[in-house]
Amino acid sequence: MEREQFESEKALYKQQKVSMVLIGLLAVMLLLLLRRQHISKQLKEQLSQLRVDYYTHPRSGLRNLRMLNARLANSLQQSSANFEQWHLGEIINEPLSDRLRFALFEATFLKRIYLEQGYKQGLDAEKAFGSYLKEQVLEPARIYHFSDAMFLYIEPNARLSCDPKQLADSLQQLVDNYTLKNNLNNAIQVGMAEYPFLPRAYTAINDQELIDILLMAVNAGLNMNDTDPGSHWVHLCAIDAAPAASFVCGDIRRSCIEGIDKGLVKVRSSSKAEIIWNNDHSTDTKVS
């Protein structure tokens, strides 16, 4: 009995040692897991902050040009793929809701605040306007701070009407709701286009060329503002029969001006006055 008791106590002692070792290992593993979780949380927070710093405009808080460059190409490719599937008969209904509408507009009052009231007041106004736009523009629409006082608005073609005046009026109303209550100049210059820009060609116009088309339209609005102060909009749209070969020369502005001359690109604007298109590689062209 004494021998059995000794053997039992010896086995119990070994079992206790094993249990203590296991408990110690579990405690170490738990500490390592907690530390790993803490480090992972810190890294995620740092990554989130880096994304905010990298993809957010430092003055307005809106998505910046880096975010635009990162996402716009993918959006255009997806839109082009859907249209190509419809054209080839792989899907039945034309995906009108997948066509993207672009509007690049310049808020003139931001520049005037910087010039007339000073840098600090301009920063405050830009931040407040960015916060306002972030609250008002909801998904699936998106808005980017393109540069200085210029903003790029993108939405799916979900409106019942494709009339560019409807989009320009909605942007004007968006700016009016902010400027009127702050006693600011509400004039904006808007350039508009759709993508695919060429209805029968899906890859002839890339994202940077589309932005260049919008910049050209905004510049036309600014030129109209010289003789007719106020808000103006210009909309460029290629006709259904426009061939893709007309837009692959490497200079999209020259291609658009030549397309306007040939009737391949339709121009609509808020003014009945003639538009003078200026391009270094071509002569001035007047379009109604």
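## A pair of phenylalanines and strand S3

Phe 105 stands opposite Phe 151 in S3, a strand that covers residues 150–156. This is a predicted model, in which local features need pLDDT of at least 70 and side-chain atom pairs count only at pLDDT 80 or more, while totals for chains, interfaces and linings use all residues. Residues are numbered from 1 along each chain as its sequence is written, and side-chain values use heavy atoms, with hydrogens and water left out. Helices (H or I, at least four residues) and strands (E, at least two) are DSSP runs, numbered from the N terminus.

Strand S3 is largely enclosed by the rest of the structure, because 7 of its 7 residues are buried, a term that stands for under 20% relative accessible area, with exposed meaning over 50% and partly exposed in between (1.4 Å probe, protein chains only). In a regular strand the side chains alternate between the two faces of the sheet. From S3, Met 150, Leu 152, Ile 154 and Pro 156 point one way, whereas Phe 151, Tyr 153 and Glu 155 point the other way, and all are buried.

## The neighbours of S3

Two strands are said to pair if DSSP finds at least two bridges between them. On this basis strand S1 (residues 100–107) pairs with S3 in the antiparallel sense over 7 bridges, and strand S2 (residues 142–147) pairs with S3, also in the antiparallel sense, over 5 bridges. Phe 151 is the bridge partner in S3 of His 145. The hairpin of S2 and S3 has 2 residues between the strands, and in this hairpin Asp 148 takes a positive phi near 50 degrees.

S4 and S5, by contrast, pair in the parallel sense over 4 bridges, with Gln 189 standing opposite His 232 in S5.

The structure holds 12 salt bridges, each defined as a side-chain nitrogen of Lys or Arg within 4 Å of a carboxyl oxygen of Asp or Glu. One of them joins the side chains of Arg 63 and Glu 139 (3.3 Å, N to O). This pair links distant parts of the chain, 76 residues apart, with Arg 63 in the loop between H1 and helix H2 (65–87) and Glu 139 in the loop between helix H4 (119–136) and S2. Arg 63 counts as partly exposed because its relative accessibility is 25%, whereas Glu 139, at 57%, counts as exposed.

Another salt bridge brings together the side chains of Arg 268 and Asp 163 (3.4 Å, N to O). Here too the pair links distant parts of the chain, 105 residues apart, with Arg 268 in strand S6 (residues 265–269) and Asp 163 in the loop between S3 and helix H5 (164–179). Arg 268 is partly exposed, with a relative accessible area of 36%, and Asp 163 is partly exposed at 25% relative accessibility.

Within helix H7, Glu 258 and Arg 254 lie 4 residues apart, about one turn of the helix, and they form a salt bridge in which the closest N and O atoms are 3.1 Å apart. Both are partly exposed, Glu 258 with a relative accessible area of 31% and Arg 254 with one of 35%. Elsewhere, salt bridges that share partners join Arg 59, Glu 126 and Asp 148 into one network.

Asp 251 lies in the loop between strand S5 (232–238) and helix H7 (252–262). Asp 251 is buried yet has no salt bridge, and the nearest side chain of opposite charge, that of Arg 254, is 5.9 Å away; for charge, Lys and Arg count as positive and Asp and Glu as negative, while His and the chain ends are not counted. A polar atom of the Asp 251 side chain does lie 3.3 Å from the backbone nitrogen of Arg 253, and the backbone nitrogen of Arg 254 also lies 3.3 Å from a polar atom of that side chain.

How values were computed
Polar contact = N/O pair within 3.5 Å; in protein donor to acceptor, adjacent residues only side chain to side chain.
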